[in-house]
Amino acid sequence: MKKVYALPLVAAALVLAACSSEKPGTPTAAPTSAPGQSASSAAPPSTGGGNTASLDPCSLVSAADLSSYGTFKAPESGEDGGARTCTLTKDKATASEESLTVSVGVRDSQGLDSVNDAGNGKTNGNVQGRKAVLVPTPPTNCLMALEAGATSRVDVVTVSTDPEKACGIAEKVADIVAPKLPKS
């Protein structure tokens, strides 16, 4: 897959990138997790068959996993547009430092076929043996959707003030997330 980077700016772009106009579904913005909650990087137990119902998005990526990009605030969990989400936002030491938000969203009833082309094309590929779709959503966002089952997926959304980095970061985070997903 080609690498393109982007940073968090517009939540609406995340909503558009997360859903397909070809199939019904609910759009989802960047994932979030509860303040003060510690995200674990331990893999959840495989539930077999791609069952994502008990999958906690904050168990899929942690601030420690993202330490090469800087220091991140505590993850924020939530629900947005039909997805359970976990969002990590980078602390900025200075006003000129680039900002970065990484979100992971679990979609129990939306598969890869519902990923929408946000106008810049989408690239089908594979991440650690899983089907994946990369969708750049300039100027600041990128979506990497990973197949978790025939009708479920996990979205990695990055938002960056450096649009050249957004998809590259999404790909690297997808490499962290993929092995923690249930076997499909």
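Modeller: Cys58 and Cys86 are joined by a disulfide, with 2.2 Å from S to S. A disulfide here is a pair of cysteine sulfur atoms within 2.5 Å. This is a predicted model, where local features need pLDDT of at least 70 and side-chain atom pairs count only at pLDDT 80 or more, while totals for chains, interfaces and linings use all residues. Residues are numbered from 1 along each chain as its sequence is written, and side-chain values use heavy atoms, leaving out hydrogens and water.

Colleague: Is the link of Cys58 and Cys86 right-handed or left-handed?

Modeller: Right-handed, with 105° about the S-S bond.

Colleague: Are Cys58 and Cys86 buried or exposed?

Modeller: Both Cys58 and Cys86 are buried, where buried means under 20% relative accessible area, exposed over 50% and partly exposed in between (1.4 Å probe, protein chains only).

Colleague: New topic. How many disulfides does a search of the whole structure find?

Modeller: Two. Cys142 and Cys167 form a disulfide too, with sulfur atoms 1.8 Å apart. Cys142 is in strand β6 (residues 141-149) and Cys167 in helix α2 (residues 166-177), so the pair ties together parts 25 residues apart in sequence.

Colleague: Why does Cys167 count as buried?

Modeller: Because its relative accessibility is 0%. Cys142 counts as buried at 1%.

Conventions:
Helices (H or I, at least four residues) and strands (E, at least two) are DSSP runs, numbered from the N terminus.
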